[in-house]
Amino acid sequence: MALAAALWGTDALLRQPLAGALPASTIVFWEHLIIVVVLTPFLPAAYRAFRAASGRERAALVVIGAGASAVATALFTQAFRYGDPVTPVVLQKLQPLIAVVVAAALIGERVRGRYWLFAVPALVGAWLMAFRDPLSAAPQAVTAALLAVGAAALWAVGTVLGRLVSVRISSRDVTVLRFAIGLPASAVVLALTGGPLAVTPAQLGPLVLLALIPGLLGLALYYVGLRSTPAARATLAEMAFPVTAALIGVTLLGAVLVPTQWLGLAIIVVSVTALGLRERRTDPVVAVPA
């Protein structure tokens, strides 16, 4: 799951230039269209899996595809229009707080108190990374933050529901259904926002790379890991996402981090590493229901 999250961290290399030239709804629609075309051979099996699923699982898959895939990605992409390449990917890591509540309500995961010894510092680190002045945020930064937090909420729900459906449905079918359901949902978002459908040949290449590398490959690895990883723990493993994105933003996209942002980066790395070491013990901080 950390490898998948690191792949997502390369997202800004392609998404930020595209976000400056195309509306978020157009980018998200093409991402889903490209991935669905690639996954066409697997659609019949995924459809059979959807038909065989329970009503609860079908509802979860619809929420994953429409909410956690289409709408969340649109919010995340729009955040790049207002923030630097680091802020959107960092603030969406607030999702552990949301995922813990949703996981407890839906799939019975029990988070022991020790979990917060790792979660709270990681979230503090994310806040420090997000704003150059942690005690004062400009309106534009706040807009980017709200968009990223909205995406975080939807992705947190998707994390928990992905855990729910992955118990009986293969990771491949979950991945295919996520994008197959997300495609019409993204088309609705495109129609409602009035975004253009057409893209130029120069834009199509980056869209293909964006869809297939951090998108399809990253998510495929994510669902393989999610089958045996509690949702609350998975959201912390995903902290590799903002760390990778911050390093790419600084080295390749021209972002400049102030000392408090570097401190936040260090806190996240230490928190995630400490959690991984702690979870190897016989009494993990996240208890999975039988």
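Rings and helices

Author: Start with a charge over a ring: the charged end of Arg 58 sits over the ring of Phe 50, 5.6 Å from its centre. The rule asks for NZ of Lys or CZ of Arg within 6 Å of the ring centre and within 35 degrees of the ring normal. This is a predicted model, where local features need pLDDT of at least 70, side-chain atom pairs count only at pLDDT 80 or more, and totals for chains, interfaces and linings use all residues. Residues are numbered from 1 along each chain as its sequence is written, and side-chain values use heavy atoms, leaving out hydrogens and water.

Reader: How many aromatic pairs?

Author: The count comes to three. Rings of Phe, Tyr and Trp (its six-membered ring) pair if their centres lie within 6.5 Å; planes under 30 degrees apart are stacked, over 60 edge-to-face, the rest tilted.

Reader: What is the geometry of Phe 76 and Phe 80?

Author: Their centres are 5.1 Å apart and their planes at 85 degrees, so the pair is edge-to-face.

Reader: And Phe 76 with Trp 155?

Author: Centres 5.3 Å apart, planes at 65 degrees, so that pair is edge-to-face. It links distant parts of the chain: Phe 76 is in helix α5 (residues 55-79) and Trp 155 in helix α9 (residues 139-165), 79 residues apart. Helices here are DSSP runs (H or I, at least four residues), numbered from the N terminus.

Reader: Is Trp 155 buried or exposed?

Author: Buried, at 15% relative accessible area. Buried means under 20%, exposed over 50%, partly exposed in between (1.4 Å probe, protein chains only). Phe 76 is buried too, at 2%.

Definitions and conventions. Helix = DSSP H or I, 4+ residues; strand = E, 2+ residues; numbered from the N terminus.
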